[in-house]
Amino acid sequence: MSVKKLISALPKVELHLHIEGSLEPDLLMELADKHQINLPYSNLEQINLAYNFEDLQSFLDLYYLGASVLIDEDDFYQLMWRYLCKCKEDNVVHTEIMFDPQTHTERGIDFSVFMSGFLRALNQAEAEWGQSHHLIMSFLRHLSEESAFDTLAAANPYLEHIHAVGLDSSELGNPPGKFTRVFESAGKLGLKRVAHAGEEGPPEYIWSAINDLNVDRIDHGVRCVEDPALVDHLITHNMPLTVCPLSNIKLCVFDNMQQHNILEMLNQELLVTVNADDPSYFGGYLNDNYAAMHEALEMDEKELIKLIKNSFKASFLSQETKQHWIQQVDNISNSILYESTD
Ligand code: ADE
Ligand code: ZN
């Protein structure tokens, strides 16, 4: 009982969340209607049937289709606003949000359109309840290096609002090394670096993200366990892994939640964190991910608190802010565990 209480009561951080993956079916249908866009589904039942994925690519096909309803500034505002309201509800005090510019620029939608919508929502949430955030601009790895360079150039007027660059989309066949020079340029601009690696791809892709892209965090990384030398390296260098349990089940990385290796990785002292990835496609937001782990893996209070503290440690917050929140986590968990009689 106290684990469930702690999941909702503790302040938390989210480090791996694609804003386009938080497009809920109701907003999807509302915007399709607004812009007269034909989708292959027209009600919730059909959507639920369609969101049955066999691998990453089968999900990405519907993710890009869904994003095609995002056209004007208010669409991007609504998308971001609804996610931020969910952060408030889940007690996610700081979130590092990925967005995919090329998903929109490739359709002729300019940076000014989506950035204005995103920033309007982010500023409002910060003013209304002190929501803290960083933005991570992700490059689509199935597109060319040239397209990534064009994206970095187009982002130039918005760099003060962008904290890091990332790398997402179809992993197999698109190793991190394809983007070495783009990440080097991003680093010179003062941007932090993260990359999806070892979700479907082999441990070599994680090595490449570390050695070629000089990343500060690995997104997913669950396949690192296949290479003991890599596990040692990740532990020694305190390299964070932003793991997404519900995502991994929906995309068949593991057969079911009981098979997930996150607690084994945690107990090996890897710096693992829990995240939602694409919550509207994978069946849950951050608290739902923690709850699913508690139910299937019998995650206890100690493990939960360690995971939550890991997320603060792995964030791009200042040391001082991290310390403040970690102290809050200790204070609140002590009061709940001390008061708890069950
Ligand atoms: N884009 C959105 N979600 C993703 C995921 N889980 N892996 C790769 N690219 C993505
Ligand atoms: Zn992701």
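A polar side-chain atom of Glu199 sits 2.9 Å from a nitrogen atom of ligand 1. This is a predicted model, in which local features need pLDDT of at least 70, side-chain atom pairs count only at pLDDT 80 or more, and totals for chains, interfaces and linings use all residues. Residues are numbered from 1 along each chain as its sequence is written, chains are lettered from A and ligands numbered from 1 in the order in which they are written, and side-chain values use heavy atoms, with hydrogens and water left out.

Here are the contacts to a nitrogen atom of the ligand, side by side.

| Side chain | Distance to a nitrogen atom of ligand 1 |
|---|---|
| Glu199 | 2.9 Å |
| His18 | 3.3 Å |
| Asp277 | 2.7 Å |

The protein covers 100% of the 260 Å² of accessible area that ligand 1 has on its own (Shrake-Rupley method, 1.4 Å probe).

Now to the surroundings. The residues around ligand 1 (a heavy atom within 4 Å) include Tyr63, Asp168, Ser169, His196, His220 and Asp278. By class, this shell has four nonpolar, four polar and four charged residues. Helix 4, residues 56–67, gives the largest share of the shell, with four residues (helices are DSSP runs of H or I, at least four residues).

Elsewhere, let's look at charge pairs. The structure holds 13 salt bridges (a side-chain nitrogen of Lys or Arg within 4 Å of a carboxyl oxygen of Asp or Glu). One of them joins the side chains of Lys34 and Asp72, at 3.0 Å from N to O. This pair links distant parts of the chain, 38 residues apart: Lys34 belongs to helix 2 (residues 25–34), and Asp72 to the loop between helix 4 and helix 5 (73–90).

Conventions. Polar contact = N/O pair within 3.5 Å; in protein donor to acceptor, adjacent residues only side chain to side chain. Helix = DSSP H or I, 4+ residues; strand = E, 2+ residues; numbered from the N terminus. Nonpolar A, V, L, I, M, F, W, Y, C, P; charged D, E, K, R; others polar.
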